[in-house]
Amino acid sequence: MKEEQSRKRRRGKNKKPQKTQPSLLPKHSTKLHKKTHQQKNPAHQSSSSSSSLKSSSFLDKMKARLAGGHFRMINEKLYTCTGKEALDYFKEDPELFDMYHTGYQEQMSHWPELPVNIIIKWLKEHSSSLIVADFGCGDARLAKNVKNKVFSIDLVSNDPSVISCDMANTPLRPSSVDVAVFCLSLMGTNYASYLKEACRVLKPSGWLLIAEVKSRFDPNNGGADPNMFSKAVCEMGFTSALKDFSNKMFVLLYFKKKENQSSHGREIEWPELKPCIYKRR
Ligand code: SAH
């Protein structure tokens with residue numbers, strides 16, 4: 001029995017990861033390996049094999065923490081600067097964009113429902129001939145999941161189908177799209193200029209679909225008054241079509257552009273939208 005145990009131990013030792021490349025092991029295999037070893041031989045916890053296994057899972061944890069930290073830093077930056085500053089920031093170091101989106105996908109994996117899927121569903125329920133502009137498209141998930149012609153817009157992208165620009169100034173023609181989508185993308189401090197750009201490119205009677213993080217529209221917690229926001233959008237030349245607060249994580253605010261726009265010349269008062277700061281997990 002003892003011999004069998006020590007043979008197993010020896011075999012376990014042979015399987016141990018190479019110290020030079022510990023982080024290449026999938027996380028689960030490292031953990032599983034370590035547990036089996038400790039269960040069988042608690043006295044060996046401070047042996048070199050155990051410590052190398054420990055350091056590999058430690059490295060994995062540190063990497064995940066660092067990635068999470070980077071994501072939160074970039075996220076905060078995007079919510080506290082203008083679109084132009086954000087464009088310069090990403091242009092200077094395009095790697096930041098991938099870093100941001102890896103962290104963003106991780107955060108989204110904890111949401112029971114994704115707002116982009118609700119918008120995809122909405123589009124599938126309407127005519128596929130509607131031309132769509134997806135402002136702040138991220139990984140262009142929307143374009144990949146509908147038949148419509150979609151102009152996907154974001155700051156930078158590896159995807160050649162994405163128009164990279166600051167969405168306050170797109171190359172789209174005036175009155176050229178039927179649906180303008182902002183899915184969790186009203187990030188800059190100058191967000192009103194994104195909505196004005198959407199208004200410019202939308203055809204009369206076109207749709208403006210906005211999904212935003214719920215806490216940004218919770219006046220009891222420092223968020224904006226949704227009625228004030230809605231009033232500002234309407235003053236730009238829209239009518240409110242839907243206000244849906246039923247989801248725990250996000251709100252849906254849909255508008256329709258008026259057939260005839262009459263500019264009243266008054267300055268529109270936009271509420272401040274507080275940054276959405278993701279918690280450390
Ligand atoms: N709509 C996508 C991604 C949301 S993340 C989804 O629902 O999955 C928000 C996106 O908005 C990011 O990719 C960010 O780069 C983009 N964004 C923020 N400010 C922008 C700006 N000024 N111009 C273009 N894209 C912008």
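In the predicted model, a polar side-chain atom of histidine 101 lies 2.7 Å from an oxygen atom of the ligand, a polar contact being a pair of N or O atoms within 3.5 Å. An oxygen atom of the ligand is also found 2.6 Å from an N or O atom in the side chain of aspartate 154, while a nitrogen atom of the ligand lies 2.9 Å from a polar backbone atom of methionine 167. Taken alone, the ligand exposes 580 Å², of which the protein buries 97%, the areas being computed by the Shrake-Rupley method with a 1.4 Å probe.

The ligand is surrounded by 18 residues, and the closest are His101, Gly136, Asp154, Asp166 and Met167; a residue is counted here if one of its heavy atoms lies within 4 Å of the ligand. Helix H5 (residues 95-108) gives the most to this shell, with 3 residues, where helices are DSSP runs of type H or I with at least four residues and strands are runs of type E with at least two, numbered from the N terminus.

Residues are numbered from 1 along each chain as its sequence is written. Because the model is predicted, local features need pLDDT of at least 70 and side-chain atom pairs count only at pLDDT 80 or more, whereas totals for chains, interfaces and linings use all residues, and side-chain values use heavy atoms, with hydrogens and water left out.

The count of salt bridges comes to 6, each defined as a side-chain nitrogen of Lys or Arg within 4 Å of a carboxyl oxygen of Asp or Glu. One of them joins lysine 203 to aspartate 178, with the closest N and O atoms 3.2 Å apart; this pair links distant parts of the chain, since lysine 203 belongs to strand E5 (residues 202-213) and aspartate 178 to strand E4 (residues 177-183), 25 residues apart. Aspartate 178 is buried, because its relative accessible area is 13%, and lysine 203, at 27%, is partly exposed; buried means under 20% relative accessible area, exposed over 50%, and partly exposed in between, with a 1.4 Å probe and protein chains only.

Another salt bridge is formed by aspartate 88 and lysine 84, whose closest N and O atoms are 3.2 Å apart. Both residues lie in helix H4 (residues 83-92), 4 residues apart, which is about one turn of the helix. Aspartate 88 counts as partly exposed at 36% relative accessibility, whereas lysine 84 counts as exposed at 53%.

Key:
A polar contact is a pair of N or O atoms within 3.5 Å; within protein, one must be able to donate a hydrogen and the other to accept it, and residues adjacent in sequence count only if both atoms are side-chain atoms.
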